[in-house]
Amino acid sequence: MEWTGLNELREKFLEFFESKGHLRLPSFSLIPKDDNSLLLINSGMAPMKKYFTGEITPPRTRVTTCQKCIRTPDIERVGITARHGTFFEMLGNFSFGDYFKHEATAWAWEFFTEVLKMPKELLYCSIYEDDEETYKIWTEEVGVDPSHIVRLGKEDNFWEHGPGPCGPCTEIYFDRGADKGCGSPDCHVGCECDRFVEVWNVVFSQFENDGNGNYTPLEHPNIDTGMGLERLACVMQGVDNLFLVDTVQNIMKQISSIVGVNYGDDEKKDISLRVITDHVRSTTFMIADGVMPSNEGRGYVLRRLLRRACRHGILLGYSKPFLYKVCETVIKENEKAYPELLEKKDLIIKLMRVEEENFLKTINQGMEMLNAIADKSDNMVLSGEDAFKLNDTYGFPIDLTMEIVSEKGMKIDLDRFHELLKEQKERSRASRKNAGADAWISDSTDLSEIPETEFTGYTDYTAQSKVLAIIKDGEKCDSAYEGDNVIIVLDKTPFYAESGGQVGDTGVITGSGIEISVSNTEKTPTKIFLHYCDITNGVIQTGDEVTASINVERRKDIARNHTAAHLLQAALRQVLGTHVEQAGQLVSDDILRFDFTHFSAMTAKEMTEVENLVNKVIFEAMNVETREMPIAEAKKLGAMALFGEKYGDIVRVVKAGDFSVEFCGGTHVDNTAKIGLFKIRQEGSVAAGVRRIEAVTGRGVIELLNNSIYTLVSSAEALKIGNIKDFASRCEQIAGELKEKDREIDALNRKLASSKIDELFANAKFEKGVRIISAAFNDINADMLRTMCQRVLDSAPKTVVVIAGMNGDKVTFACACGEEARAKGANAGKIVKAVASVAGGNGGGKPDLAMAGAKDVTKVDEALLQVRKIVLDMVSE
């Protein structure tokens, strides 16, 4: 058995199964496609579930892959142990109703013993306790020594997850030697020690579980295997854990050279080195597949990993951005197997650096706050409010806060934290509802017998079609009537189905006595087009011959916007840089909305440059060509791919002169001149590192121009400006007048505030050498409160004043302590906090001036009555 590098092992495995008639597929994206049950792909078979269930026909009945995977349930254990990691690669060979146990076991043994030259005496096999068939195959056909076969129970060697396909499995273990074991004379396969390492798992998916414990044999059983590439590399390289595998070690060495810490010198520092190594691997691959940092979903996982790695850099004494440098090593070690890493290199580096810089701006303040709380805490519990503030203000993911406080022996009031988080989400966004195809189709809607819809809409606006299915209230039916809302499936259609950010077509379906309005078009994962219809006249039946006609003018507007989106992306990359990638888009008839990766707001100059560049291409009347070609040929042309999208062997390419080349399945104009004009309406942020441009073309530009002129003329009339040319100067004049009035109002407020303070001074008495004043006023704003307090600071050094300002159900307390009052111990921050708490509020500030809010207006008088006691308890004689 020879030492073999991880990259070489991957290639040996895939080549071996190619020699056995398997189709080698590239790794699927980490972002699941058409699968809401997973946040991130976490196993080799996960992206192929629909092949196993028969929902989608696989490209071949024999497939082999090396699938990149992310698992995060034990994220807090990563680093603490050398066993745990969030990123790994899973080797697999799969049979979809083709070969079964005999071939799967024989090939696994052949790969281990003949290709990798593993000693047979070090290999052991586990089987399900009742699986006699597999026992005979191993011992009689493959030739494994019976003493090397171990029978295990259902918990270990029977694969099932609720109802559906399931079956026994067999696993191959490698014996690392007695010196790696627990020392027990009973040490065997299945022991918890490190001697016997499970390397390969072969699942025999041969039963259907009805969910009630009843198992029916499948007509066409499947094979699903999984072997962790890093674990196999540990065996072949004779190392104890994944962090010592060659490619992973190279990443760790780069980290060590940057932070000046060597692995193995200090166990605590080793933990940090492992955390950073693992998390940079994960985040590099996640960003390459289109995951963007956010505060929820897979974006939250990315941000959490980056910030956890960043914190461990600080624990190693390194407080500058460096993760972005390490990701270059990750790319270098993996680029041959995963070329997308090199393609997205600029984006990965820039996004990682921006995230790291942003977190470093706040982490020190957050840690100071956390340490101060921990030092003062008596009950060893971090409040939900403090945890929320760390999350909301300082960017600490709650999991990171939990990890830090646990190191201090503390806990968090998670219930209160989640209450506050829920309140924030309810305030910040309306609930989103899924109004897609699944809302119209139930689980019992069987479309398996319906063929893929023929789309004719690239060249034709109408089609003579046949009705293949009608769906009403989630169920298939034979007919529908006037007034019904239904989905209609046709054998062929000119209606474009919503995809790639382009909205679905609308139009009409007509026939003998039939008039149907089509309000939207979508498609299923199996490319069956769904026409969302209102029957306005007649009766429609399955089998009817009809004419399907799209709204042509609307389609042309959509085509203008879609081609303009391609020109916009090319222009952005020229003006801003090649880190710009499409991160989402919406192309409709009235607007083009384009999301792209960029890390700062565009300047007016940059927007003008982009707009002018797009219009220049429009005016040059470049031909727009669309054609299908092999994906390799398209990449040679330099075609831009949609961020995170998975493509087949044949792709459709849209080329606008020599200016833009993109993979795209949408509809387009055939010449850029037909776009007419392009105008950016606005640019803004939608997420960290993601900007959004909204723009219009063609008739949309005319509409925007007309609306702008109308607004300008109407505003001029309202301001009684006779000549529109004077509009700007008159607005400046009015703004100046308003500013002057604001100054006058401010001066009057100051006089009013001074008079109120003078009245309070007249009735105040000294106690313990301090004059204490408290009062409440209606309809007084925060600025007036602050002015009144400032008067005390300026002219009454021995005075403490607490004033409550009430506006409706809102209460604001302000407190000021003069210089001599402060010398006696008075503290405005502490006083106002104590007073506000009586009225259900909170706040604080500096010793001289502080403010706080309160919720209960009815308790303002009670709160002010407490002022004298609070102050006298605080000051000295």
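Figure 1. Leaving out residues up to four places away in sequence, Trp200 touches Phe13, Phe17, Asn93, Ala108, Phe111, Phe112, Thr170, Glu171, Ile172, Thr225, Gly226 and Met227; contact here means heavy atoms within 4.5 Å. This is a predicted model, in which local features need pLDDT of at least 70 and side-chain atom pairs count only at pLDDT 80 or more, while totals for chains, interfaces and linings use all residues. Residues are numbered from 1 along each chain as its sequence is written, and side-chain values use heavy atoms, with hydrogens and water left out. Trp200 is listed with Phe112 and Leu232 as having the most contacts inside the largest nonpolar core, a group of 116 residues. Helix H12 gives the most to this core, with 14 residues. A second, separate core holds 34 residues, among them Val580, Ile618, Val624 and Ile693. A nonpolar core is a set of buried Ala, Val, Leu, Ile, Met, Phe, Trp, Tyr and Cys residues joined through side-chain atoms within 4.5 Å. Buried means under 20% relative accessible area, exposed over 50%, and partly exposed in between (1.4 Å probe, protein chains only).

**Figure 2. Phe196 in strand E8.** Phe196 sits in strand E8, which covers residues 196-209. Helices (H or I, at least four residues) and strands (E, at least two) are DSSP runs, numbered from the N terminus. With a relative accessible area of 11%, Phe196 is buried. Setting aside neighbours within four places in sequence, Phe196 is in contact with Tyr124, Tyr173, Phe174, Asp175, Cys187, His188 and Val189.

Figure 3. A search of the whole structure turns up 1 cavity of 30 Å³ or more, and the largest cavity holds about 30 Å³ of space. On a 1 Å grid over the protein atoms alone, a cavity is a set of points where a 1.4 Å probe fits but cannot get out, and lining residues have an atom within 4 Å of a point. Grid points are joined across faces, edges and corners, and the volume is the space filled by probe spheres set on the points. Which residues line this cavity? They are Leu306, Arg307, Cys310, Met352, Glu355, Glu356 and Phe359. Helix H9 (297-315) and helix H12 (345-376) each supply at least two residues of the lining, and the largest share, 4 residues, comes from H12. The lining divides into 4 nonpolar, no polar and 3 charged residues. In this count Ala, Val, Leu, Ile, Met, Phe, Trp, Tyr, Cys and Pro are nonpolar, Asp, Glu, Lys and Arg are charged, and the others, Gly among them, are polar.

Figure 4. The whole structure has 0 disulfides, a disulfide being a pair of cysteine sulfur atoms within 2.5 Å. Cys169 is buried, with a relative accessible area of 4%. For Cys234, the closest cysteine sulfur is in Cys66, 15 Å away and likewise too far for a bond. Cys234 is buried as well, at a relative accessible area of 11%.

**Figure 5. Two loop residues with positive phi.** Asp34 has a phi near 55°, a positive value in a residue other than glycine. Asp34 lies in the loop between strand E1 (23-24) and helix H2 (49-53), and is partly exposed, with a relative accessible area of 48%. Lys117 also has a positive phi, of about 60°, although it is not a glycine. The loop that holds Lys117 runs between helix H3 (101-115) and strand E4 (123-128). Lys117 is exposed, with a relative accessible area of 51%.

**Figure 6. The buried residues of helix H25.** In helix H25 (residues 867-874), Val867, Ile870, Val871 and Leu872 are buried. The buried residues of H25 pack against strands E30 (766-767), E31 (770-778) and E32 (799-807), and against helices H23 (828-838) and H24 (860-865).

Technical notes: On a 1 Å grid over the protein atoms alone, a cavity is a set of points where a 1.4 Å probe fits but cannot get out, and a pocket is an open set with protein on both sides within 12 Å along at least five of seven lines; lining residues have an atom within 4 Å of a point.
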